[in-house]
Amino acid sequence: MSDADQQIALSRNCKVLVGGEAITQKLWTQFRESREFTVFNVYGPTECTVDSSWAELSDAAQPSIGKPLLNTQIYVLDQHRMPLPLGVAGEIYIGGAGVARGYLKRPELTAERFITDPFSAEPKARL
């Protein structure tokens, strides 16, 4: 396929996922202003599956990690692990089907990074 063919293919109802690093304001704005394809910002830490949340870069002015994927819960908690109001900075905690079991042969790190999910009815659920 030639470069021209690839450019045409990209502009026809294409969906682009951006992830791995925080998206810059400049790139967010460039993608948001493009009407050639639909762009989604995806987020997921090492302790979860590849992605845990998504946000479509449509008319939103600021970068965002967006909404949790299905079977995923995202909480922003304070230093006492209590929920914070929308817009208040805190620590992101992720629960649900995509949370890893722990670190391979690193029980001390697993104990440090994975906690019991106080918001779940499932007894073995973790954040």
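In which sense do S2 and strand S3 pair, and over how many bridges? S2 and strand S3, the latter spanning residues 53-56, pair in the antiparallel sense over 4 bridges; two strands count as paired if DSSP finds at least two bridges between them. Helices (H or I, at least four residues) and strands (E, at least two) are DSSP runs, numbered from the N terminus.

Colleagues, a word on the basis of this talk. This is a predicted model, in which local features need pLDDT of at least 70 and side-chain atom pairs count only at pLDDT 80 or more, while totals for chains, interfaces and linings use all residues. Residues are numbered from 1 along each chain as its sequence is written, and side-chain values use heavy atoms, with hydrogens and water left out.

Let me begin with the sheet. It is open, has 4 strands in the order S1-S2-S3-S4, and shows mixed pairing. S1 and strand S4 (67-68) stand at the edges with a single partner strand each, so one side of each has no neighbour in the sheet.

I turn to Val 18, in strand S1 (residues 14-18). Val 18 is buried, at a relative accessible area of 14%; buried means under 20% relative accessible area, exposed over 50%, and partly exposed in between, with a 1.4 Å probe and protein chains only. The C-alpha atoms of Val 18 and Asn 41 are 4.9 Å apart, although 23 residues separate the two along the chain. Beyond neighbours within four places in sequence, the contacts of Val 18 (heavy atoms within 4.5 Å) include Ile 23, Phe 31 and Val 39.

Next, helix H2, residues 25-33. Trp 28, Thr 29 and Phe 31 are buried there. Seen down the axis of H2, the buried residues fall within an arc of 170°, so they line one face of the helix; the arc is that of the directions from the helix axis to the C-beta atoms. The face turned away carries the exposed residues Lys 26 and Glu 33. The buried residues of H2 pack against S1 and strand S2 (37-43).
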